[in-house]
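Open the model in a viewer and colour it by secondary structure. The stops below follow the strands and the elements beside them.

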Amino acid sequence: MEITILGSGTSIPQKDRSAPSYLVRSEERAIMVDLGPGAIWNLVRNSPAGLADVGTVLLTHLHLDHVADLAPFLFAMKAEEIGRTSPLTVIGPEGFSDYYASLRKLYGRWVEGAGYELDIKEWPGELIEWGEFRIDAGRSVHSLPNLAYLLRESGAGSGVMFTGDGEPTMEMLQLGKGTTDILIAECSLPPGVTEEGHMNPQQAGRLAEQIHAATLVMSHLNPDCKAEEILKEATAHFGGKILVAEDGMKLSI
Ligand SMILES: [Zn+2]
Ligand SMILES: [Zn+2]
């Protein structure tokens, strides 16, 4: 599978970092993880996959830097030029059904599926198989319910884990341990700074070490997270490969 970082930033607009969003592609399928503002434009700019190729969207949580492009995504599906006919599943954490119901109240048919099947649901609490993808999730500690997602291809023991926002829980450690090749972790705090519900490079490094990831990618970076400093700090806590996320970066498993 190939992973493209569409947005490595946060809610704070930065010149070179868009809001959180990632694309995961196998030979035949495409999944987006989070839809921060601008995500659907970044997808079109950074990948040969079009919006109509995305069959599953996984939302980690309902903060606007992670979900703002959901309504524009669904609105775009209405365009004849896109001509979507294939089903679309959008999965979110607890509260997502209410969130979508509110969008429908505001926008009605403009955010409903027509000409294609639209399945909107909250995480069912158990592994989902979609084609060759196996998708699992675990909760983190954040100011809103947040799911970390683990994506693997059938037959592969390990895959990629996206933490979304938040500090790790036992549930996340169990989910990721021995199953995570690439860990894409939130690292919105600079070295030495702690805040409940967010991670700094020390915590991201420790999580990568605890779950025996091969590669740690620090993402969801605020302007005060300087690449050299966070890299140095994470290196003290994790012995594997460490990358600082950049918009447009591609990784493969
Ligand atoms: Zn958040
Ligand atoms: Zn966030």
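Two strands count as paired if DSSP finds at least two bridges between them. Helices (H or I, at least four residues) and strands (E, at least two) are DSSP runs, numbered from the N terminus. This is a predicted model, in which local features need pLDDT of at least 70 and side-chain atom pairs count only at pLDDT 80 or more, while totals for chains, interfaces and linings use all residues. Residues are numbered from 1 along each chain as its sequence is written, and chains are lettered from A and ligands numbered from 1 in the order in which they are written.

Select residues 147-153 and 159-162. These are strand 9 and strand 10, antiparallel and joined by three bridges. L150 has M161 of strand 10 as its bridge partner. Five residues lie between the two strands of this hairpin, and G155 in the turn has a positive phi of about 90 degrees.

With helix 5 (residues 170-176), strand 10 and strand 11 make a right-handed β-α-β unit; right-handed means that, with the strands pointing away from the viewer, the path from the first strand over the helix to the second runs clockwise.

Now go to the open sheet of seven strands, order 6-5-4-3-2-1-14, with mixed pairing. Finally, select residues 2-7: strand 1 pairs with strand 14 in the antiparallel sense over three bridges, and E2 stands opposite S252.
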